[in-house]
Amino acid sequence: MAPTIPTRVSSVDVYRGFVMFLMMAEVLEFGHVSKALPESSFWAFLAYHQDHVEWVGCSLHDLIQPSFSFLVGVALPYSVASRLAKGQSFKNMFGHTLKRSLILIFLGIFLRSTHREQTNFTFEDTLTQIGLGYPILFWLGFRTFKTQVVALCTILVGYWLVFALYPLPDANFDYAAVGVAADWEHNLSGFAAHWNKNTNAAWAFDQWFMNLFPREKPFIRNGGGYSTLSFIPTLGTMILGLLAGQWLKDEDAPLQKVKRFGLIGIGLLGTGLLLNWTGICPNVKRIWTPTWTIFSGGWCFILLAFFYWIVDIKGYKKAFFWLMVIGMNSIAAYIISHTIVEFIHHSFQIHVSKTYDQILGLSYESLVRGTAILIVEWLILHWMYRNRIFIRI
């Protein structure tokens, strides 16, 4: 009996759309509104969750990249089943995987190079990080559950050891040279100091690796503390998604799947909090510590459970159609949000008014401007959806 093409799971598209919308909504710039209205706790709350935390911790914005990576894993079992149903061999599928990986890597570099004088070779971009680990994820998709779990544990423990064994800075270390004050309030002490900003093992690797490429000036540090090697624990996040996708695809009752995802999510959150609290490994998104893989993975399972329950079980698809439009064209949404924001803004200035975004006053300038941009971006994606134009890699 020939394998059948699996049915598309709407909740996965909605969850992906939600994640991409959070990224696109950066144009609302809640931080500017909060600064204009410093007495408002409401805008301060929104501003906090539209930005990355400085080091240890988590905001809603911090969950964008792990969710996107997690969903790559969720989609893999469906993609493989669809290709097998069309008669494709493993060799052909793996060749496509390598091609997809390279496209993601170079697309990430391309988008990070816009408005630069030369190519900005950087590998901490979301697309690049996924591309670096995707061939291994694909290979694991054909392995047993036990092999997948062993691979996940090996990644987390091995990456933890790399940081734990890397020597701490000595008394003469020049913190200013790496953009970190020696008394920075977010510096960790004791054993946890192995995961401090721009003094860790991943930073040391990038001081060598990033200078292998032509640069405007020698690489010394990443301003945000991000690193190339984060693709390794990001692969751990994608493996968690792979496990979720396999469970989602199996024949268990829908509510049983929701219960499983919820319990796993709570367990991962608890484990992450414990590892951070004990100082065994801090919860840092910027360098994607193993604790962050576990903690953010917990949120990903909970969010998947929620969207699966409300969209596929309760049937509220129409209410989330606006997110599905985004989620079914996530690569297009990513590119649009990184390329034409200023074009849309200037078009409004030309054809509406130079001060169109001040209609509600200067305090809400970024909110009006961002809303206008978001509407145009969504209308573009909706036109693509209506015309069945979907960018696939």
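Reply: Let's start with the lining of the second largest pocket: its residues split into 11 nonpolar, 10 polar and 6 charged. (Ala, Val, Leu, Ile, Met, Phe, Trp, Tyr, Cys and Pro count as nonpolar, Asp, Glu, Lys and Arg as charged, and the others, Gly among them, as polar.) Bear in mind that this is a predicted model, where local features need pLDDT of at least 70, side-chain atom pairs count only at pLDDT 80 or more, and totals for chains, interfaces and linings use all residues. Numbering runs from 1 along each chain as its sequence is written, and side-chain values use heavy atoms, with hydrogens and water left out.

A pocket here is an open set of points on a 1 Å grid over the protein atoms alone where a 1.4 Å probe fits, with protein on both sides within 12 Å along at least five of seven lines; lining residues have an atom within 4 Å of a point. This one holds about 780 Å³ of space. Of its 27 lining residues, Met23, Glu26, Arg112, Tyr334 and His338 sit nearest the centre. Helices H1, H4, H5, H13 and H14 (341-351) each give two or more residues to that lining, and H13 gives the largest share, with 4.

Now for the largest pocket, at about 900 Å³. Here 33 residues form the lining, and Arg8, Ala75, Ser79, Arg100 and Arg392 lie nearest the centre. H1 (10-24), H4 (64-85), H5 (90-112), H6 (126-140) and H13 (330-339) each give two or more residues to it. H4 supplies the largest share, 9 residues. By type, this lining has 19 nonpolar, 8 polar and 6 charged residues.

How values were computed:
Points joined across faces, edges and corners; volume = space filled by probe spheres on them.
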